[in-house]
Amino acid sequence: MKIPEEEVALLEDYVSDSVDHRGFPAEKSSTGGWRSAWFIIGVEVAERFAYFGIACNLITYLTGPLGQSTATAAVNVNTWSGTASMLPILGAFVADAYLGRYRTILVASLIYILGLGLLTLSASLIIMGLSEQRNEASAKPSFWVNILFFCSLYLVAIGQGGHKPCVQAFGADQFDAEDPKEVIARGSFFNWWFSSLSAGISLSIIVVAYVQDNVNWAFGFGIPCLFMVMALAIFLLGRKIYRYPQRHSEEVDSNNAFARIGKVFVVAFKNRKLSFDLEHSGLLEDGSSEKRKGRLDFLAKAMLPGDEGVEPCSVRDVEDAKALVRLIPIWITSVISTIPYAQFMTFFTKQGVTVDRRILPGLEIPAASLLSFIGVSILISIPVYEHAFLPIARMITKKPFGITMLQRIGAGMVLSSFNMMLAALIEAKRLNIAREHGLLDRPEVTVPMSIWWFVPQYLLLGMIDVFSLVGTQEFFYDQVPTELRSIGLALSMSAMGLSSFLSGFLITVIDWATGRDGWFNTNLNRAHVDYFYLLLAAFTAVAFFAFLFISKMYVYRRLDQV
């Protein structure tokens, strides 16, 4: 039956799968789009300012006021940042299965603010002298101050875990996937999202790191707390103009995505002894048999009738399960190739402390301020990528995408390996200068080497972000089932989280194997961090070649992306 033109026009005024704050169908003229997206971008800028205000200079706090060794502090930073990057999987699960993105963001923001507030309190206790009285210069804060500090630090990680995967997905929800104009706008949203948060990160590193080094740590932790309060306020201001994803009452929701995909593995296992000709069964998607033949066919057995009382799975359920399984090898190589990324908040910063940090006569910058060059590099690299690299790539490949998502990730891996080799050469030069000036056993004396030598490796980190980080997020968002896109984004973040754990594990093992006077000597002039960087360059190169092999066999969910 043909729908009257008046009703079609009326339907076009509303978003089919979203509601407004009152629970009514979301009207395009008064909800969503850029009017609400800018609120969400503002929230993320403030949240990234808060997070990096803690993360960028954390190793300096651990080796300074808390009195930890360089190796121990590096392991603690890696463990914390790894936990913060892994927890989004839990946050995304809670959002997709129970609370929804909006409520998850609210709860996570409150936990975030509590953690930052307690972190500020712990720093204030040390400044006010309420921690253990120190009669020696080497004395450390009391046990309870340390407990308070680490509990508050991990509260921040928990808050970030709920906040991070939901805000970006909620921002994308503000654009109607059925409206061609809004689909184009959503593509621009992701570009502005990444550029804006890079600006927030750079501002945080410059301002907060300076306050922490030159004023005190209580103010340095208090400023991020204030910005997180601002983020929550901004988020609540846009409440009436947001579009909220609607939970459908159809087949997919009566059996949520987690349950129906999990059922595929259970039923396939129960039917493992059954066999049939998959290619001629009529159960595969149209046009997919040649491309998908022989890959993960054991999961297709979930579509066969088996034991009584066990309902066969649908083609869609099986294809969604296959899509998740295909991501695992890519995810593993991503984990290994991002281990070098864990170093910019640990050893890169500690190296910067040892050299001449004057950029102008009388103006000395904190070593952590170098992290701002990552944001500067991103702000430059994104338009260059969009307006120079992609047009050239389209001319060469004759494809509208220019390069595939996997090719983009692979390019980032190559840059990452090269960056570690560059970092090793620069560290070797710093050690040689220290040796020439007789500073090997005088770590308190500044090595006469300009901090500008370290800038190229930070600029390369920004370029790696544009290729690997954005490429990985796009890939995992696009290749998972629609209902699990929060989980998809969380998976991409978890790769970096696990890489931080692996970095900490490597540091612990190498520190044990090489002894106190080995690669991670507290006196960096006697250490050999350059050897560690070369090892990471080798790991990344091996991961890249494994990635090449795996990506050649990978089957995209939509074959037009190959």
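This is a predicted model: local features need pLDDT of at least 70, side-chain atom pairs count only at pLDDT 80 or more; totals for chains, interfaces and linings use all residues.
Trainee: Which helix do R430 and E427 lie in?
Mentor: Both lie in helix α16, residues 405-436. They sit three residues apart, about one turn of the helix. Helices here are DSSP runs of H or I with at least four residues, strands are runs of E with at least two, and numbering starts at the N terminus.

Trainee: Are R430 and E427 buried or exposed?
Mentor: R430 is buried because its relative accessible area is 0%. E427 counts as buried too, at 0% relative accessibility. Buried means under 20% relative accessible area, exposed means over 50%, and partly exposed is in between, with a 1.4 Å probe and protein chains only.

Trainee: How many salt bridges does the count come to?
Mentor: Eight. One of them joins D356 and R358, with the closest N and O atoms 3.1 Å apart. Another pairs E319 with K322, at 4.0 Å.

Trainee: Where do E319 and K322 lie?
Mentor: Both are in helix α13, three residues apart, or about one turn. E319 counts as buried because its relative accessibility is 6%. K322 is buried as well, with a relative accessible area of 1%.

Trainee: How many residues does α13 have, and what span does it reach?
Mentor: It has 23 residues and reaches 34 Å from its first C-alpha to its last. That is close to the expected 33 Å at 1.5 Å a residue. The expected span is 1.5 Å times one less than the number of residues.

Trainee: Where does the kink in α13 lie?
Mentor: At I328, shortly before the proline P329. The kink is about 30 degrees. The bend is the angle between axes fitted to the seven residues ending at a residue and the seven starting there.

Trainee: Which residues form the nonpolar patch on the surface?
Mentor: I328, I332, I336 and F539, with about 310 Å² of accessible area together. Areas come from the Shrake-Rupley method with a 1.4 Å probe, and for residues only the protein chains shown count as cover. Patch residues have over 30% relative accessible area and no salt bridge; like charges are joined within 9 Å, and nonpolar side chains (Val, Leu, Ile, Met, Phe, Trp, Tyr) within 5 Å.

Trainee: Which helix gives the largest share of that patch?
Mentor: Helix α13, residues 315-337, with three residues. I336 lies in that helix. I336 counts as partly exposed because its relative accessibility is 31%.

Trainee: New topic. Why is α14 largely enclosed?
Mentor: Helix α14 covers residues 347-354, and seven of its eight residues are buried, so the rest of the structure largely encloses it. Among the buried ones are F347, K350 and T354.

Trainee: And aromatics? Which residues form one cluster?
Mentor: Y61, F149, F150, W217 and F221. The whole structure holds 30 aromatic pairs. Rings of Phe, Tyr and Trp (its six-membered ring) pair if their centres lie within 6.5 Å; planes under 30 degrees apart are stacked, over 60 edge-to-face, and the rest tilted.

Trainee: How far apart are T120 and F221?
Mentor: They are 101 residues apart in sequence and 5.2 Å apart in space, C-alpha to C-alpha. T120 sits in helix α5, residues 101-127. T120 is buried, at 16% relative accessible area.

Trainee: What about P65 and W217?
Mentor: The gap is 152 residues in sequence and 9.1 Å in space, C-alpha to C-alpha. P65 is in the loop between α3 (58-63) and α4 (70-99). P65 counts as partly exposed, at 21% relative accessibility.

Methods
Residues are numbered from 1 along each chain as its sequence is written. Side-chain values use heavy atoms; hydrogens and water are left out. A salt bridge is a side-chain nitrogen of Lys or Arg within 4 Å of a carboxyl oxygen of Asp or Glu.
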